[in-house]
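Hi,

Here is the model I promised to pass on. Have a look at it first, and my notes follow below.

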Number of protein chains: 2
Amino acid sequence: MAEDVKDFYSREDKMYVATDCIIFGFDEAKIKLLIFKRRVEPLKGQWSLIGSFVRIDEDVDSAAQRVLMEITGLENVFMEELKTYGSANRDPGYRCVSIGQYALIRINDYDRELVEKHGAHWYDLEDVPDLVLDHGQMVNDALERLKRKARFQPIGFELLPEKFTLPQLQKLYEAIYQTKLDARNFRKKVLSHNVLEKLDEKDKTSSRRGAFLYKFDHKNYRRLLKSGFNFEI
Amino acid sequence: MAEDVKDFYSREDKMYVATDCIIFGFDEAKIKLLIFKRRVEPLKGQWSLIGSFVRIDEDVDSAAQRVLMEITGLENVFMEELKTYGSANRDPGYRCVSIGQYALIRINDYDRELVEKHGAHWYDLEDVPDLVLDHGQMVNDALERLKRKARFQPIGFELLPEKFTLPQLQKLYEAIYQTKLDARNFRKKVLSHNVLEKLDEKDKTSSRRGAFLYKFDHKNYRRLLKSGFNFEI
DNA sequence: GTTAATAAATGTAATTTATACATTAATTTC
DNA sequence: GAAATTAATGTATAAATTACATTTATTAAC
């Protein structure tokens, strides 16, 4: 802090800090985004990421968890800071710095009543309407991050149910990378990491034969991480 | 923004936004960090990252560039957001959210007079004294980022002079990764990317034979980036 | 109960990439 | 011209990635 704090903020002007969540879900074949209608002027009623001001006695992280909880009823969700959006003029109403955070949620787990009550909606990525302020940019940035990150860390699993099939997992990666993958090579690679536990159960919703269900083995993953392991698909 | 702004900040309490720069340099064989003595209470006079409050009409990015300019005289330097430090109690003086940004500079380019005037000092990484608040954590985080990032993007070059030798470049990567590299494999790999231009000049400061100087070919790099290229060492 | 339909599961050979490793070359100083 | 010093270079082996086609398990329809 290079200067005395008295030089700033001694006017009526106030600096606000907000957080906005880019909430991704995955439904069979498509990545989806949860948005709602902004509840404060200016631009009230327009589509917006789900966010909030950070309270004076609240950690920035906690603020993001709080809004996620308020709107979806979910806690203990994968959420990670994306970046700060800090242009002086990004919000016509206030001087507001927003910390973007992206979350990956299991799309069947959220509290439908709560979501409905808050007027929130899931949109397929390609159908997302225009968002207020720089929120469109936030979504683009978050997607980029998701793509990059998914290559080296098994965050994709955060978007799937506890139990999932390999074809499901492959479809998820195909959606993230926007490309077709070869089933044999894909299976070889994910299984080679030894972090998937094959169950004795099949999911028959999408084929007659049924596909075996797997669980992600967090314990083994953590063990491997410590010994310098690098997850890559 | 999920709630009305009136709910917050209507008290005497104010939210401050600051930015702190983790400034790295590289000198022959070691990575160095530029720090100075904090000029505001509390903890005035203790070693601190170089930072400032963000002005009410100033972009967060611009604030970081401003302090870097004030202390080193440098502009157009590689600087990138690291992450937000947002615990409610991270600073005993104020409620202050700080955006960490790390910068890579050519250690011979900075303005020595300015740096001296501000009481700033370069420290070898292993000799950095304790820093105020969470600044030590910021340095650790920035180093992690540098390591990860250097694998896939040629940011290492930002730490070297315009013209550099391959042994210099190798020493830099050895310092970043904290490991010895094989000269033959290293050269093969960096040269394979076709983004280094060999000059007809030698640097003889560190050997009798002298080592050829190279320049980073930014134009070719951008061209390759567009066609899906991925720099990796 | 046989057949048709459907998605799941599997192996191998060829190519590319990464690794390990030791000698010669250029130059200066004595 | 000999000694000292760092720069520069190639090859064989191992590992990882890619491309590619058939069989299997199950249900629904007849």
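Let me start with a helix pair in chain A. Leu166(A), Pro167(A), Leu169(A), Gln170(A) and Tyr173(A) of helix 4 of chain A are in contact with Ala183(A), Phe186(A), Arg187(A), Val190(A) and Leu191(A) of helix 5 of chain A (contact means heavy atoms within 4.5 Å; helices are DSSP runs of H or I with at least four residues, strands are E runs of at least two, and both are numbered from the N terminus). By class, these residues are eight nonpolar, one polar and one charged (Ala, Val, Leu, Ile, Met, Phe, Trp, Tyr, Cys and Pro count as nonpolar, Asp, Glu, Lys and Arg as charged, and the others, Gly among them, as polar). The two axes come within 11 Å and cross at roughly 100° (axes are lines fitted to C-alpha atoms, for helices over the stretch in contact, with angles from 0 to 180 degrees between N-to-C directions). That makes helix 4 of chain A roughly perpendicular to helix 5 of chain A (65 to 115 degrees counts as roughly perpendicular, under 35 as roughly parallel, over 145 as roughly antiparallel and the rest as oblique).

Before the rest, the ground rules. This is a predicted model, where local features need pLDDT of at least 70 and side-chain atom pairs count only at pLDDT 80 or more, while totals for chains, interfaces and linings use all residues. Residues are numbered from 1 along each chain as its sequence is written, chains are lettered from A and ligands numbered from 1 in the order in which they are written, and side-chain values use heavy atoms, with hydrogens and water left out.

Chain B has a helix pair to look at too. Helix 3 (residues 135-152) and helix 4 (residues 166-177) of chain B have axes that come within 9 Å and cross at roughly 135°. That makes helix 3 of chain B oblique to helix 4 of chain B. On the helix 3 side of chain B the contact uses Leu146(B), Lys147(B), Ala150(B) and Arg151(B), and on the helix 4 side Tyr173(B), Ile176(B) and Tyr177(B). Five of these residues are nonpolar, none polar and two charged.

Now the DNA. Which residues come nearest to DNA strand C? Of the 19 around DNA strand C, they are Arg187(A), Lys188(A), Arg209(A), Phe212(A) and Arg209(B) (near means a heavy atom within 4 Å). The side chain of Asp182(B) has an N or O atom 3.3 Å from a base nitrogen of DNA strand C. Asp182(B) also places a side-chain oxygen within 3.1 Å of the backbone nitrogen of Arg184(B), at the start of helix 5 of chain B.

DNA strand D has 21 residues around it, and Arg184(A), Arg209(A), Arg187(B), Lys188(B) and Arg209(B) come nearest. Sugar and phosphate make up 49% of the atoms of DNA strand D within 4 Å of the protein. Asn185(A) has a side-chain N or O atom 3.0 Å from a base nitrogen of DNA strand D, and a polar side-chain atom of Lys188(A) is 3.2 Å from a base oxygen of DNA strand D. A polar backbone atom of Phe212(B) is 3.0 Å from a phosphate oxygen of DNA strand D.

Cheers

Definitions and conventions:
Polar contact = N/O pair within 3.5 Å; in protein donor to acceptor, adjacent residues only side chain to side chain.
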